Amino acid sequence: MKKSSLLSIAVRNNHSITLRSTGGRRGSALFLIVGLLVVFVITAAITVDYAYMQLVRTELQVATDAAAKAGAEALARTEDLEFAQAEAVRYASLNTVGGLPLAISTTDVSLGRLVEGNSGRWEFNNGGSPQNAVRVDSKTGGAALHPSVPLFFGQVLKKSDFSPQTHATAGQQQVEVCLCLDRSGSMLFDMSGTDWVYPPNNPGLSNFTAWGTTWRNHLSPPHPTNSRWAVLASAVQIFMDEAAQYNPPPRTSLVTWSSNYTMPIAPSTQYQSATLNAALPPFANADYQAQRAVITSSINQLGSQPMMGSTNLSAGLDMAVAHLTGSQASQLSNKVVILLTDGQWNDGRGPLLAGADARDAGVLVHAVSMLTDIQPEVRQMAEMTGGRYYSTQNADELREAFRELAQSLQIVMIE
């Protein structure tokens with residue numbers, strides 16, 4: 001065979017091999033491209049549906065939070081348990097989840113009470129009484145009122161829908177406070193901490209001089225800026241400022257106390273051991289600023305007259321507890337007494353007996369002592385009710401104690 005024929009056969013065979021090799025590579029590339037397209041479509045489907053699922057979960061949480069808050073507000077405002085549940089259901093329906101109004105039933109709305117757990121965090125006690133909190137459990141799909149949420153690429157993912165669920169708890173910590181203030185004769189003294197030392201240059205100093213300087217001071221109203229009463233009045237204003245930041249602010253009342261006493265000179269004014277100076281405002285239309293004005297006016301009025309009597313601490317506490325648990329109070333609110341004394345208990349029954357009664361009535365008592373040594377019985381009285389005890393030695397410490405007490409009053413949302 002000629003060389004030219006052999007060369008021709010070799011070229012044809014090599015070309016045939018090249019065509020077969022190129023066709024194989026093209027087939028492999030096609031399979032790779034198809035595979036990548038499938039992966040891309042699945043990835044896109046997962047990405048889109050995952051983002052949508054996150055959006056729906058957010059919608060569900062927002063709607064559930066709104067329902068819980070609405071139920072808690074309705075419970076605090078009306079004290080009607082069924083109405084609170086109905087309001088939670090209604091507010092849930094005002095929010096959409098997956099394009100539909102969120103549907104829950106009253107069985108998804110639980111009523112209970114916020115309690116402080118061992119960790120110091122507030123927890124929901126389902127069925128706890130008196131109720132002050134609402135928990136809403138929102139579910140979709142299955143037996144829930146709200147249907148499951150369809151996905152865009154359900155056929156690709158072989159999962160046509162999903163059924164998120166969540167919960168929210170809101171506690172409208174309606175608080176009713178009684179400021180229970182010592183107005184005994186020692187509130188006329190100055191801030192030195194020494195008994196029978198009065199601030200000088202009192203513009204209201206009595207003209208009665210027959211019994212000497214001490215009685216002249218004692219039969220006068222307190223110094224308007226430097227007496228213990230004046231310093232206490234400024235601390236109360238700080239408390240009211242801080243409490244005004246809450247929504248709603250606490251319903252606040254005022255009780256003052258000393259001991260039964262008759263003024264030794266004409267007109268022989270009689271002082272009662274305890275007086276309700278400012279009752280709780282009406283529940284339906286409580287106006288915090290108007291009530292603040294009433295309390296401030298009462299404190300100013302007391303500061304314009306002499307102060308008499310001993311330290312019958314229990315008389316003041318008993319009246320405060322009776323008022324916070326009486327007909328003008330809310331059954332569902334938290335009850336707090338803030339008791340201020342500048343002297344050792346020396347009249348009436350013991351503080352521990354009064355504290356036990358307050359505890360049994362469900363009233364928390366915070367006690368503040370002013371310019372006195374630590375008072376073990378007063379501290380125990382406060383602590384047995386779950387309250388705090390503050391021993392203050394100057395005006396700044398007193399004001400800070402009242403500020404801190406105001407800031408600790410309410411908690412609204414726990415989860």
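**Group meeting: a predicted single-chain model**

The protein chain has ten helices and 16 strands; both are DSSP runs numbered from the N terminus, with helices being H or I of at least four residues and strands E of at least two. Residues are numbered from 1 along each chain as its sequence is written, and side-chain values use heavy atoms, with hydrogens and water left out.

First, the overall numbers. Of the 415 residues in the protein chain, 45% are buried. Buried here means under 20% relative accessible area, exposed means over 50%, and partly exposed is in between, with a 1.4 Å probe and protein chains only. The chain exposes about 20,500 Å², and 55% of that comes from carbon and sulfur atoms; the areas are Shrake-Rupley values with a 1.4 Å probe, and for residues only the protein chains shown count as cover. As for contacts, meaning heavy atoms within 4.5 Å, take those with a separation of 6 or more: 71% of them are between residues 24 or more positions apart.

Now the core. A nonpolar core is a set of buried Ala, Val, Leu, Ile, Met, Phe, Trp, Tyr and Cys residues joined through side-chain atoms within 4.5 Å. The largest one has 39 residues, and Leu 179, Phe 239, Leu 340 and Phe 402 have the most contacts inside it. At least two residues each come from β9 (175–182), α5, α6 (288–302), β14 (334–341), β15 (363–370) and α10 (395–407). Which element supplies the largest share of this core? That is α5, with nine residues.

Helix α5 covers residues 228–243, and its 16 residues reach 23 Å from first C-alpha to last, close to the 22 Å expected; the expected span is 1.5 Å times one less than the number of residues. The helix is mostly covered, with 13 of its 16 residues buried. Phe 239, leaving aside neighbours within four places in sequence, is in contact with Val 177, Leu 179, Ile 338, Phe 402, Leu 405, Ala 406 and Leu 409. There is also a second, separate core of 26 residues, which includes Ala 72, Val 97, Val 134 and Leu 332.

On a 1 Å grid over the protein atoms alone, a cavity is a set of points where a 1.4 Å probe fits but cannot get out; a pocket is an open set with protein on both sides within 12 Å along at least five of seven lines, and lining residues have an atom within 4 Å of a point. Points are joined across faces, edges and corners, and a volume is the space filled by probe spheres set on them.

The largest pocket has a volume of about 800 Å³. Of its 33 lining residues, Trp 122, Asn 334, Lys 335, Val 336 and Leu 364 are the closest to its centre. The elements giving two or more residues to the lining are β3 (109–116), β14 and β15, and β3 gives the most, with four. How many cavities of 30 Å³ or more are there? The count is two.

Last, the backbone. Most residues other than glycine have a negative phi, and most peptide bonds are trans. The bond from Ser 129 to Pro 130 is cis, with omega near -5°; Pro 130 sits in the loop between β4 (122–126) and β5 (133–139). Ala 266 and Pro 267 are also joined by a cis peptide bond, with omega about 10°, and Pro 267 lies in the loop between β11 (261–262) and β12 (270–271).

Two residues to check for phi are Glu 79 and Leu 371. Glu 79 has a positive phi of about 60° and lies in the loop between α1 (3–78) and α2 (81–93), partly exposed at 26% relative accessible area. Leu 371 has a phi near 60° and is found in the loop between β15 and α9 (376–384), where it counts as buried at 10% relative accessibility.

Terms used:
This is a predicted model: local features need pLDDT of at least 70, side-chain atom pairs count only at pLDDT 80 or more; totals for chains, interfaces and linings use all residues.
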